[in-house]
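Please consider the structure shown below. The paragraphs after it lead through its surface, its annotated spans and its confidence.

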Amino acid sequence: MENKGLNFLKHLIPYLIALLAGLYLVVLITGSFMALSQYKLDLPQHFSSIITGLATHPIHYYSLYLSQKNPLTIILSVVFILYLAYFALKRSKKGKEWETADTDTHGSATWGNIRDLLSQYFSITPKNLSDSFNKSLNADTIKSLQEKGEEK
């Protein structure tokens with residue numbers, strides 16, 4: 001039981017780190033947007049101090065934006081959490097697709113012989129294949145190859 005809990009936490013840690021990083025970006029985006037709406041034309045003069053404050057105190061600003069019911073913070077947070085959940089579910093599903101069956105194959109691959117492969121993908125008989133190949137070659141090239149074969 002204890003091993004399952006540790007295994008679950010081990011798989012959960014990357015998603016928690018991604019969640020914190022995503023919410024950190026939500027704070028930076030929301031704060032930048034708020035600064036843009038407040039300072040408009042004077043933004044270049046104030047932007048570095050605003051970003052510094054947002055970057056050093058993200059928890060304060062995130063809780064502030066949530067308490068103010070800032071729609072941009074709420075929407076971006078929900079979108080990021082849904083994206084992270086989708087990514088986590090997609091990743092766990094993809095891992096199960098690569099499990100092999102009881103055969104000596106990988107995934108859905110099966111072993112076959114050349115006849116099965118040719119009959120499945122090419123509807124040409126070996127004689128027609130040989131004739132088509134010979135017709136595609138230059139006659140002079142065929143004669144020179146035949147002469148070289150007879151010399152040896």
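A residue counts as buried under 20% relative accessible area, as exposed over 50%, and as partly exposed in between (1.4 Å probe, protein chains only). Leu66 has a relative accessibility of 37% and is therefore partly exposed. This residue, Leu66, belongs to helix H3 (residues 58-67); helices are DSSP runs of H or I with at least four residues, strands are runs of E with at least two, and both are numbered from the N terminus.

The model is predicted: local features need pLDDT of at least 70, side-chain atom pairs count only at pLDDT 80 or more, and totals for chains, interfaces and linings use all residues. Residues are numbered from 1 along each chain as its sequence is written, and side-chain values use heavy atoms, with hydrogens and water left out. The pLDDT, the predictor's confidence in each residue from 0 to 100, averages 77 over the chain, and 75% of the residues score at least 70. Among the elements of the chain, H3 has the highest mean pLDDT (89), and helix H5 (residues 114-121) the lowest (62).

An unreviewed UniProt entry annotates residues 12-36 and 71-89 as "transmembrane region"; such annotations may be inferred rather than shown by experiment. In the model, residues 12-36 are 100% helix and 0% strand, with end C-alpha atoms 36 Å apart. Residues 71-89 are likewise 100% helix and 0% strand, and their end C-alpha atoms lie 27 Å apart.

Finally, helix H7 (residues 139-151) has 13 residues and should span 18 Å at 1.5 Å a residue, which agrees with the 19 Å between its end C-alpha atoms; the expected span is 1.5 Å times one less than the number of residues. The count of buried residues in H7 is zero.
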